[in-house]
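The following note sets out some points on the overall dimensions, the nonpolar cores and one set of paired strands. Please read it alongside the sequence and the coordinates.

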Amino acid sequence: MSSNSFNIEIEIERWQKSLLKYQSIDPEFAEELASGLRDRYDVFLEEGYTNEEAFAKAKKKTILDPKALDNEMSQVKQQGNSIFGDFLYLFPNYIKIGWRNLGRKRFYNLINLVSLTIGLVCAILAILYINYETSFDNFIKDSRQIYRMGQTLRSQDYSMIAFEDYNSASSEQQKIHIDAIKNTQGVIDACHFFIFDGPRLLRKQEEKLPTSKILQTNTPESFLDIFGWPLIEGAKNVFIQNPNTLLFTESEAERFYGNNWASQDLVGKTIEIDTMAYTIAGVLKDVPSNSHLDFSVVIHQNKIDYWGARTYLKVASETGKLSIKTNLDKNIGKINPRLARSELFGGFTLDRLDEIYLHSNKLYEIKPPGEKRYLYIFGIISSIILLLTISNYTNLSIAMNASRMREIGMRKIFGANRLNISKQFFIEALIISYLCVPFILLLLVFLIPRFNSFMDVAIIENFWTDFRFWALLLSLLIVIGILSGLYPSIFLSKNKITTLFKANLAKDSKSGLTVRKAIITFQFGLLIGLCSLTLLVNNQLRFINNKDLGYQKENILYVDINSNWDTFMAFKNELNSVSGITGIGSGSNMGTLPYNQTTYRLKGTDQVFDDAYNLYLDYPSLDLLGVQTSIQKYLDNPAEAPNSLVLINETAANNLSNNFSIPKQDLVGRIIIEEPEYKDEETGEIGFPFQIGGFIDDINVFSLKEKITPMFIRVYRESEYAYLASIRYDSSISNTVLQTVENAYKKVKPNDAFIYSFLSQDVNELYDQEQKIGSLSVYFSFVAFLVAIIGLIALTAYLTTLKRKEIGMRKILGASSFGIIKLFNKEYIGLLLVAFMISVPITYYGVSKWLSTFAYRIDVNLLVFFIAAVLTLLISSVAVSLVTMRVIRSEPVEALREDQ
Amino acid sequence: MATKALVAASTKPMVLSILAYGENYGYNIIQQVESMSDGELQWTDAMLYPVLKRMEKEKLISSRWVKTEAGRKRKYYKITETGKAKLVEEKSQWLNVNAIFQSLWSDDDEISFSEIQTV
């Protein structure tokens, strides 16, 4: 009979086990159900059923549908667990276990700590920087209702508007101009001003101080009201009502009167600028560095001494930008009748105040505009580093915690559910991320001032006083903690109790290995991408630095001479006798920002072009730049040169030659009419005609981001006025040239500030942002490599420790050290190949987009990607090999004797 | 047979009442209910155990494992002080309901019935 072989205990045990596959039926509950089953079984036996029948009936009676019971029980378990559940109760336990685990694997956790700290510092720096760059002018009240007015002329957009009669516009004309803007429908208030960049000498009794960034306005009330500049000392009304008064900014007052300026009763004192006297009316707070405006002194004057002004207006809150622009355009006849008549005028432009810095790039901006693209680059690179640190953490903790399977098994037996296990891992990740806090703070205190001066920004240095910083840091830590704890907690908590005791998952589990490999592949991909990006960005920068600009940029000094021709000649004579100075000239400077273009047509044709730049150079200054020109004979023999002539550049010559099918050499002698839209009322002459006197090669006057357009270079013997003197010198006097030139300058212009620049520096400054991003990408790549390699070393170190027995066996069986190292490295080569395939197209796309912003650029050489991949492979395999060597060197017997 | 709603509403007070007489275990509670209701109330394990667990969470009852003389392990449930207070509350509610039904359904109490009609 089958009854004989029926063993109720075995059957019940089997039944109990079958219940355990349901998540919410734990061993204890199964035991309880089994005790009920036994009672029923006994009853059925007494009723005369056979063992099998009694068991079958009892089973049915006890639980008909285990799935439904499971559902019901899981609801019970979740009840009251809503947010915290038993979390608060178990929290101290989580911390205790977490802390013990940190202590147990000190080396690996230290690595996690270091890499998380680095990642977080990079992320925080990036966030602070991006936050700074996007906060421009936000501090001004109603910044969304304030607009800067500009104009479109020819095909260029200007950040300023010219006056009716340019420089000669009277104060009345200027007033009519701004009042017409103020009276435009939708405009509440408007002001205009100009900021003089170059230094002027301010005189306080006997003392003279060169002062840059002087702002002149004849709408003082609107200027103070629209921007709301706070006055620390003095009365607003005194300034508004009295022309020839001025306001210092706080730091300028300090520069003039020392730290105790506030106790010196500045209001009412007199300051002289050039020959004019001004009364101090008050002191303003400094303009924050995250403003596109920058000034040190504000002067109230009836007339602005410039050809145009910067115009800002405030509009009613409900008025849209488009309707204001339409109204202003309609009102052009009153604002500026000359512009209204001009066929070159293309309407006014409006830039909202808080968008100027990042979204506007017009002619004559006050500060170089910010580059959104670089914010993205910075954000991406630091996210990469952060991702690397998170994946490091994930990887290491999967590997380390794989040996904690027994612990998890025990927890599950004692009733922990999956959520409890996950919480343990989250808590451990959070402990590590919070342990980083002091290190993060120390690093930031060290780095922020350096970062500020390097990037020329002003991220607040005592950041810890800002509660938003803490909110950012703490929430970042929670996010990082959760992200890094996510995978370990899901992966390690999902296993069923029955599988937990079977093996060490670090060695056996297929899924663990796959995810680990995926993460390493991901890291390799990031490294190859970042490395090739860095190489390519720096290649382009080197290309820019080394590209032949068409002129000599080394050993040329520019001096702001700003004088009549006689003074310039006197200055020149002072320097002529100095040995080592090889040329002195006057004229336009190279290495500058684009300025206004001009319209022109070839006489005898109808087509008008609007894309030419005018350049002015005297013969010596053309000569000292070493530009290739068709009039070299005049440069060699100045006595034979005509008083003046006009050269056109290669691009202009080609354009004209192609458009009108005239052989290039036949262009010499032809007439070009500049500004053909202008007609002299008296003579009836159209535009400003000139004869083409020769050619020069194309030269890059502006940055290499700008394509070379046609240029007309007026070369002359002498002029009425000299703005800029250019001095070429021999390298042998590099150290003394500045002093020599300054002495000469002081002799001819004793009362003026000596303003100078070196051409090579001017050219470099055009790529200021690119240089910064270039160096920054090198630093960040280095950090990224460091983090990734640290992670790889730790991971390999841990895995090789687990494989000590395997290594021992291999050695005993005769494997060579090299063979074992090769084996360990082999695993990574496949991963690297996959990473290469993924990261190359993405990086290629990104770099090509960046390069397309340069008119002159390198080709993306695919070799760079290979170099990046080889570099990544080399660095990682050195790391892996070194770590493996450490284990290989130990005695194989020791490894085998160990009870793992 | 009692309706599902009635079973759901009465299980908790019934368990508390049974446990008020002393410690008891799941199978026995089911048997007692069945016999006291003359087979009218047939509780199942799948219904009772989730209720017991829930009540344990609410600290109305507590449990412990006991090994019987026969060597069997049983989990015994015991009413707690909170459970006793809850029982008093439940009891008064059920008695109230009971009193209403009694007065509504008793034949010699016409006055109260007409009172209801006039309201």
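1. Chain A has a radius of gyration of 39 Å, whereas a compact globule of 900 residues would have one near 29 Å. The model is a predicted one. Along the principal axes, the C-alpha trace of chain A spans about 135 × 70 × 60 Å.

2. Chain A contains 34 helices and 24 strands. Of its 900 residues, 37% count as buried. Among the contacts in chain A with a separation of 6 or more, 81% are between residues 24 or more positions apart.

3. The largest nonpolar core comprises 90 residues, and those with the most contacts inside it are A:Cys122, A:Ile124, A:Ile385, A:Leu527, A:Ile528 and A:Ala784. Helix H30 of chain A (residues 768-802) supplies the largest share of this core, 13 residues. Apart from this core lies another, of 56 residues, which includes A:Phe193, A:Leu246, A:Val298 and A:Ala309.

4. Which residues does A:Ala784 contact, leaving aside its neighbours within four places in sequence? They are A:Ile384, A:Ile385, A:Leu388, A:Leu527 and A:Leu530. In soluble globular proteins, nonpolar side chains tend to be buried together.

5. Strand E15 of chain A (residues 556-564) runs antiparallel to strand E23 of chain A (residues 721-729), and seven bridges join the two. Within this pairing, A:Asp560 stands opposite A:Leu724 of E23(A).

6. E15(A) is also joined by three bridges to strand E24 of chain A (residues 756-758), again in antiparallel fashion. Here A:Val559 has A:Tyr756 in E24(A) as its bridge partner.

Conventions:
Residues numbered from 1 in each chain as written. Chains lettered and ligands numbered in written order. Predicted model: local features only at pLDDT ≥ 70, side-chain atom pairs only at ≥ 80, totals over all residues. Pairing = 2+ DSSP bridges. Helix = DSSP H or I, 4+ residues; strand = E, 2+ residues; numbered from the N terminus. Core = buried A, V, L, I, M, F, W, Y, C linked by C-beta atoms within 7 Å. Buried ≥ 20, exposed ≤ 12 C-beta atoms within 10 Å, placed from the backbone. Contact = placed C-beta atoms within 7 Å. Rg over C-alpha atoms; globule rule 2.2 N^0.38 Å.
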